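Student: Could you take me through this model one feature after another, giving the general idea before the particular case?

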Amino acid sequence: MKIVVAALSAVWLTTQAFSAEVVPAIDPSAPVVSSTPRPGDQPDGVPLNMLSGRDLPLSRTQRQSVALSKQWMTTRTPPAVGDNGVVIFTYGAALPTVVCSPLHVCDVALEPGETINDIHNGDRVRWRVYPAITGSGPAKTTHLIIKATDSALTTNLNISTDRRTYVIQLVSRREDWMPLISFAYPEDPQAQWSQYQEAQAKKAEATTLATGENIATLDFNFHMTGDHVSWRPVRIYSTGSKTYVQFPASIAHGDLPTLVALGSHDKAEQLVNYRMVGDRFEVDKLLTHAALIRGVGRQQERVDILYDGKP
């Protein structure tokens, strides 16, 4: 078996020898070609020909569109500097440019809690982009670790997330680089104000009765004694000048009790001005002692109201 394999290998090698092209000798007078990669070359020094050398004509609308894009890309909106030397770009204000060096990595941090859906790298051959994550929970932050394989390169990076789309220009130089990059988001302050206003609205809703009174300004220092009847009030409170007696919703299907004020000493019944407003009695004074009475004789139902505060 080994003899057969060796024989077949010899036949293949002989065939390749006869089919190989003859390599011409090096001409000593020919110019020396440098093996150092040039801008636009691939890492192995082979020219990267991406252009045909021709351009298609543009219509007026197309030229205007290109001009608008160039205007945005050339807008001079300087970044800010944050802790640890982080370069902070304002999202959407202009085209952010990240400068990297072949011997260093650049770290682009997204907004905490933001996750990446897609990444499109304009030059995947000479630019490397890797994911990284810091933190956990709501503070979990996605990072893009960017590395250039050569200097004098430029391309762009398109990042789609669950919140927005980033367009970043990448430039490589031999020594210049930006270690840390992040973004400031103009919508953040507005979102915080919206959250604040929403929280205030919920607080107001939770502290305001259906009649419009603020609970914080009301006096609830009342208690009740007497019969535990179906129409027994659910809430009694005062604004200082008026007293409100709120009944359960079932009161709409039965007879209303009669309200009488009671003297502080002789407990004598006294007439008091009041009216039914919605599901409650609105009384034109602060009640210190009163009674709600419905029916007569043995069928009479009674609930006493007593004020525990200071008139």
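Student: Which residue is the bridge partner of T97 in strand 9?

Tutor: Strands of a sheet pair through backbone hydrogen bonds, either parallel or antiparallel. Here the bridge partner of T97 in strand 9 is Q169, and four bridges join strand 3 (residues 97–100) to strand 9 in the parallel sense. Two strands count as paired if DSSP finds at least two bridges between them, and strands are DSSP runs of E with at least two residues, numbered from the N terminus. The model is a predicted one, in which local features need pLDDT of at least 70 and side-chain atom pairs count only at pLDDT 80 or more, whereas totals for chains, interfaces and linings use all residues. Residues are numbered from 1 along each chain as its sequence is written, and side-chain values use heavy atoms, with hydrogens and water left out.

Student: In which sense do strand 8 and strand 9 pair?

Tutor: Strand 8 (residues 154–161) pairs with strand 9 in the antiparallel sense, over seven bridges, and N158 has V167 as its bridge partner in strand 9. The two strands form a hairpin, with three residues between them.

Student: Where is P179 placed, and what is it in contact with?

Tutor: P179 lies in the loop between strand 9 (165–172) and strand 10 (180–184). With a relative accessible area of 39%, P179 is partly exposed. Leaving aside neighbours within four places in sequence, P179 is in contact (heavy atoms within 4.5 Å) with V105, C106 and D107. The C-alpha atoms of P179 and G85 are separated by 8.1 Å, although these residues are 94 apart along the chain.

Student: What is the strand order in the open sheet of four strands?

Tutor: The order is 12-13-17-16, with antiparallel pairing. Strand 12 (235–238) and strand 16 (274–277) are the edge strands, each pairing on one side only. Strand 12 is joined to strand 13 (residues 243–246) by four bridges, and S238 stands opposite T243 in strand 13.

Methods: Buried means under 20% relative accessible area, exposed over 50%, partly exposed in between (1.4 Å probe, protein chains only).
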